[in-house]
Each structure stands twice: as structure tokens, then as C-alpha cells.
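Dear colleague,

I am handing over the structure below, and I would be grateful if you could look through it before reading my notes. The notes follow directly after it.

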Amino acid sequence: VASSLKHCNRTRTWVLRNIKNNGFSSPAELFCMEWTPRKGFYFVTYEGDVRRGKEEILAEYIKHEDHS
């Protein structure tokens with residue numbers, strides 16, 4: 001986990017903050033979670049609930065470059 005966070009330029013604090021911001025009290029509630037840049041979070045709980053998390057950046061705020 002630590003090497004994956006380092007590769008993404010993220011920290012353990014960032015992960016914990018986003019877990020809480022998405023309505024979970026701790027990582028212990030989660031079977032797994034995934035984060036994809038510009039797509040946000042995907043959570044699966046031990047109870048089998050699947051939830052797409054809040055997006056870190058809304059798509060409409062991303063400027064698309066014109067490569068013509």
C-alpha cells in the first residue's frame with residue numbers, strides 16, 4: 001500500500017480523510033477501495049455494499065485541451 005500511495009503522490013492521511021469524507025468511520029469497514037484520477041472512489045464493504053464515492057474533482061471543472 002505504501003509504495004502505491006507514493007507512486008500516486010498520495011499519503012495515508014489523504015486516504016483516511018477520503019474514507020471519512022465518504023461516510024465511513026474507518027478503513028476497517030471496507031473490504032476494498034479503489035481510487036482513479038478524475039473518476040473518484042469505489043468502495044466495497046464487508047457486508048457487500050458497493051458505493052461509488054464522491055469525486056475528488058468534478059468532470060465539468062476539468063479543462064480539455066484542443067489538440068488540433
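Helices and strands are taken here as DSSP runs, a helix being H or I over at least four residues and a strand being E over at least two, and both are numbered from the N terminus. Val-50, for instance, lies in strand 3, which covers residues 50-52. Residues are numbered from 1 along each chain as its sequence is written, and side-chain values use heavy atoms, with hydrogens and water left out. Please bear in mind that this is a predicted model, in which local features need pLDDT of at least 70 and side-chain atom pairs count only at pLDDT 80 or more, whereas totals for chains, interfaces and linings use all residues.

On confidence, pLDDT is the predictor's confidence in each residue, on a scale from 0 to 100. The protein has a mean pLDDT of 81, with 79% of its residues at 70 or more. Over residues 57-62, however, the pLDDT is below 50, and beyond near neighbours in sequence this stretch has 2 contacts in the model, a contact meaning heavy atoms within 4.5 Å. Residues 64-68 also stay under 50 in pLDDT, and for them the model has 0 contacts beyond four places in sequence. Where pLDDT is low, the predicted coordinates should not be read in detail.

As for the overall layout, the secondary structure comes to 2 helices and 3 strands, and from the N terminus on these elements run α-α-β-β-β. Of the 68 residues, 22% count as buried, where buried means under 20% relative accessible area, exposed means over 50%, and partly exposed lies in between (1.4 Å probe, protein chains only). Among contacts with a separation of 6 or more, 20% are made by residues 24 or more positions apart.

Which residues make up the largest nonpolar core? The core has 9 residues, namely Leu-5, Trp-14, Val-15, Ile-19, Phe-24, Leu-30, Trp-35, Phe-41 and Phe-43, and a nonpolar core is a set of buried Ala, Val, Leu, Ile, Met, Phe, Trp, Tyr and Cys residues joined through side-chain atoms within 4.5 Å. Helix 2, strand 1 and strand 2 (40-45) are the elements that give two or more residues to this core, and helix 2 gives the most, with 3 residues. One member of the core, Phe-43, touches residues that include Asn-18, Ile-19, Phe-24, Leu-30 and Val-50, when those up to four places away in sequence are not counted.

Thr-45 has its place in strand 2, and Thr-45 is buried because its relative accessible area is 9%. Leaving aside neighbours within four places in sequence, Thr-45 is in contact with Phe-24, Glu-29, Leu-30 and Phe-31; the C-alpha atoms of Thr-45 and Leu-30, which are 15 residues apart along the chain, are separated by 4.3 Å. Val-44, also placed in strand 2, is buried with a relative accessible area of 15%, and touches Leu-30, Phe-31, Cys-32, Asp-49 and Val-50, again not counting residues up to four places away in sequence.

Asn-9 is found in the loop between helix 1 and helix 2. At 69% relative accessibility, Asn-9 counts as exposed, and Asn-9 has a positive phi of about 60 degrees although it is not a glycine.

Finally, the lining of the largest pocket is made up of 17 residues, of which Val-1, Leu-5, Trp-14, Val-15 and Met-33 lie nearest the centre of the pocket. Helix 1 (2-7), helix 2 (12-21) and strand 1 (30-36) each supply at least two residues of this lining, and strand 1 gives the most, with 6 residues.

With best wishes

Methods: 1 Å grid on protein atoms, 1.4 Å probe; cavity = no way out; pocket = protein on both sides within 12 Å on 5 of 7 lines; lining within 4 Å.
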